[in-house]
Amino acid sequence: MADLRVLVVGCGNMGASHAEAYHAMEGVTICGLVARGESRELLNQRLGGGYPTFSDFELALAQTRPDAVCLTTYPDTHEAYALAALAAGCHLFIEKPLATTVAGAERVIAAAHQAQRQVVVGYILRHHPSWQQFVELARGLGKPLVMRMNLNQQSHGQMWNVHRNLMQSLSPIVDCGVHYLDVMCQMAQAEPISVSAIGARLTDDLPQGMYNYGQLQVRFADGSIGWYEAGWGPMISETAYFVKDVIGPRGAVSIVARHHERASDDVGGHTKTESLRVHYADLDDENRFKRPDRWIDCRDEPDHLALCLSEQRYFLRAIREGLDLNQHLQDALNSLRVVLAADEAVRSQRTVVLGSEE
């Protein structure tokens, strides 16, 4: 079987990681690297210097005629580039979010169906065995669930440039929140029905109307609730920046960095678990805990490159085996719908109703 020819569009953090994965995989050949700046040449050197490079996506698409496109550009280009790739007959791996609007994401999904091409969205946590275990343990805590998550980043240097560029189109609670709302939806296995949110603009170094700190609260139809917080910038505190904690009637499960402190701007650390702490709520007749907390060591978990390899192997399998990706795309749309509703709640200062409840 011929190798799948992939055009990598965007050569920054995630684009470089996915390109490294393709470079290491059997059955895949990179036919081009696309980026507007010098990142494409730096990545090409990192991979041995053997790949064609382009500064223009449309030109690269026409000249390389790929079987698939890996799209990791800034979110405001996702819809247009995705539609162009699908119109050219390409399968698509696209980093989250699918688009910057629900309508745009729906257009991408419709175009994929029309072109009969596979689209995989980069929800990397779905491929992480420790996060999969975190979800399963949370499902065993009973209902309702209280889900507490955040990812604040004290960004500076090049990372602050990246975050400012992202905030040309999306707030932190939208860009990062789709990952963790997807996790919450997997845990609750219930329909999100309303979203409240607050946000603050902590710097003038942003487009008018944009904010770099936000917190959302989501309610689910089964009574479960979720909280998510995200902030970017040099002013953000390093204290309690990484909270991943779920509480239910039977106890709690938490991701805990038990062995060393992480830095909030360490992108590779955002998927690390290191250990899971399981707490049991059972009490005896004197209200003492019947069982001690259980620690699950996750230090042998896959690194960032291994997770990207897992994502890309799934993408290749989806193409080769014709996997049904309808639920995958619906989940991506649903998590985007929630975080965009949170963004609306920040700007309108009102709760946004998602379901039938008033």
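**Notebook: overall fold and backbone geometry**

I began with the secondary structure and counted 11 helices and 15 strands in the protein. I note that the model is predicted.

**Entry 1. Overall dimensions.** I looked up the radius of gyration and found 21 Å. A compact globule of 358 residues would have a value near 21 Å, so the protein agrees with that expectation. I then took the extent of the C-alpha trace along its principal axes, which is about 75 × 45 × 40 Å.

**Entry 2. Burial, contacts and surface.** I checked what share of the 358 residues is buried, and the figure is 55%. For contacts between residues at least 6 apart in sequence, I found that 70% join residues at least 24 apart. I recorded an accessible surface of about 15900 Å² for the protein. Carbon and sulfur atoms account for 47% of that surface.

**Entry 3. Charge.** I counted 32 positive and 43 negative side chains. The centres of these two sets lie 2 Å apart.

Entry 4. I consulted UniProt, where an unreviewed entry lists residues 4-123 as "domain: Gfo/Idh/MocA-like oxidoreductase N-terminal". In the model I found this span to be 43% helix and 23% strand. Its end C-alpha atoms are 21 Å apart.

**Entry 5. Cis peptide bonds.** I turned next to the peptide bonds, bearing in mind that most peptide bonds are trans. Between Lys96 and Pro97 I found a cis peptide bond, with omega about -10°. I placed Pro97 in the loop that runs between strand 5 (91-95) and helix 5 (102-115). Lys143 and Pro144 are likewise joined by a cis peptide bond, and here omega is about 0°. I located Pro144 in the loop between helix 6 (129-139) and strand 7 (146-150).

Entry 6. Which loop holds Ala240? I traced Ala240 to the loop between strand 10 (225-231) and strand 11 (244-248). Its phi is near 50°, a positive value in a residue other than glycine.

Gln349 was my next residue, with a positive phi near 60°. I found Gln349 in the loop between helix 11 (326-348) and strand 15 (352-353). Gln349 has a relative accessible area of 73% and is therefore exposed.

Note on methods. Residues numbered from 1 in each chain as written. Predicted model: local features only at pLDDT ≥ 70, side-chain atom pairs only at ≥ 80, totals over all residues. Heavy atoms only, no water. Helix = DSSP H or I, 4+ residues; strand = E, 2+ residues; numbered from the N terminus. Rg over C-alpha atoms; globule rule 2.2 N^0.38 Å. Buried < 20%, exposed > 50% of the residue type's maximum accessible area, 1.4 Å probe, protein only. Contact = heavy atoms within 4.5 Å. Areas by Shrake-Rupley, 256 points an atom, 1.4 Å probe, with all protein chains shown as cover. Lys, Arg positive; Asp, Glu negative; His and termini not counted. Charge placed at Lys NZ, Arg CZ, Asp CG, Glu CD. UniProt positions renumbered as here; feature names shortened; annotations may be inferred.
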